[in-house]
Amino acid sequence: MRRYGKHTDEDDVRVRPSRKGNRPRTSLRPKHEDAADGMVLTVDRGRLTCLVEDRVVMAMKARELGRKAAVVGDRVALVGDLSGQKDTLARIVRIAERTSVLRRTADDDDPFERVVVANADQLAIVTALADPEPRPRLIDRCLVAAYDGGLDPLLVLTKSDLAPPDKLLELYGDLDIPYVVTSREELENGDAADRVREQLDGKITAFVGHSGVGKTTLVNALVPEERRRSTGHVNAVTGRGRHTTTSALALPLTESDGWVVDTPGVRSFGLAHIDPSRVIHAFPDLEPGTEGCPRACGHDEPDCALDEWVAAGHADAARLYSLRRLLSTRERHEGD
């Protein structure tokens, strides 16, 4: 059936409106030159808590950013209501280039990487010496992620009243990683927080660790006025702790010019996103020796030039062993 007559003109034709509107598309985007600078403190279901000067502002990501997501530690530009008052909402219109990125995947077969923290200066790897037992393979994985993302590692060993730290420290001695050893008593009287704080002054430090190792308890001691939920109990059967921190949160250090980022406890640390060839950059004494390596050398092969480099006395053999142990950690299960 004919809907219109024989002699229709354009005024007679009904145009169905588009659900997306009839405005023409444009590639031009507003510059937002008056946007204020801020830092993302935490992210919760699409809402981002940001620090703008001395105000805490709630914000959401602007549509023009597309799929680009802001994470804790990101330096951002915001427009809209920046008063920080209740029920106000600003918009994040720009995300600055990141100086470092701590990333992980759910496991080594997961192709989707997750950015945990941006722009952190160092990664504090918190490990209990007992209850639960230390997991060197998980520490190795965190070290690889730190080296790959541009963060300096720091070892924080807790519960030294239950077990001595010597054996674990010996395992990482050749990596020259700074460390702090704490006990439960020192956490309670504040001595441990003071010694850890010395390593954090003037830096943004992300804290990561297996559940139940005392990570959040330590953060509470460092930032007492921002206490988070206390650490969960360790399961007597599995030796693993309960997760008590559910989202990453950046907190300013008390009596110090620095920040701590408390992250959820991890049971695994996938490295599917890591290019092993970048880990060598964390070993400046070994890196020149790779010039004679064959193309795409994994530095753990019979014709690797690093063996000859070390044999010639240019570097310590223990350092090469440490490098290869870290590179092989992707092939090992975290619970080993």
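Helices (H or I, at least four residues) and strands (E, at least two) are taken as DSSP runs and numbered from the N terminus. The model is a predicted one, in which local features need pLDDT of at least 70 and side-chain atom pairs count only at pLDDT 80 or more, while totals for chains, interfaces and linings use all residues. Residues are numbered from 1 along each chain as its sequence is written, and side-chain values use heavy atoms, with hydrogens and water left out.

The protein contains 7 helices and 13 strands. Of its 336 residues, 48% are buried, where buried means under 20% relative accessible area, exposed over 50%, and partly exposed in between (1.4 Å probe, protein chains only). Among contacts (heavy atoms within 4.5 Å) with a separation of 6 or more, 65% are between residues 24 or more positions apart.

Helix α4 spans residues 191-200, and its buried residues are Ala192, Ala193, Val196, Arg197 and Leu200. These residues lie on the same side of α4 because they cover an arc of only 130° around the axis, the arc being that of the directions from the helix axis to the C-beta atoms. Glycine 202, which follows α4, has a positive phi, near 75°.

The structure holds 15 salt bridges, each defined as a side-chain nitrogen of Lys or Arg within 4 Å of a carboxyl oxygen of Asp or Glu. One of them joins the side chains of arginine 197 and aspartate 194, at 3.1 Å from N to O. The two residues are 3 apart in helix α4 and therefore separated by about one helical turn. An α-helix has 3.6 residues a turn, so residues three or four places apart point the same way. Arginine 197 is buried, at 13% relative accessible area, whereas aspartate 194 is partly exposed, at 43%.

Lysine 215 forms a salt bridge with aspartate 262, with the closest N and O atoms 2.8 Å apart. Lysine 215 lies in helix α5 (residues 215-222) and aspartate 262 in strand β13 (residues 259-262), so the pair ties together parts that are 47 residues apart in sequence. Both partners are buried, lysine 215 with a relative accessible area of 4% and aspartate 262 with one of 0%.
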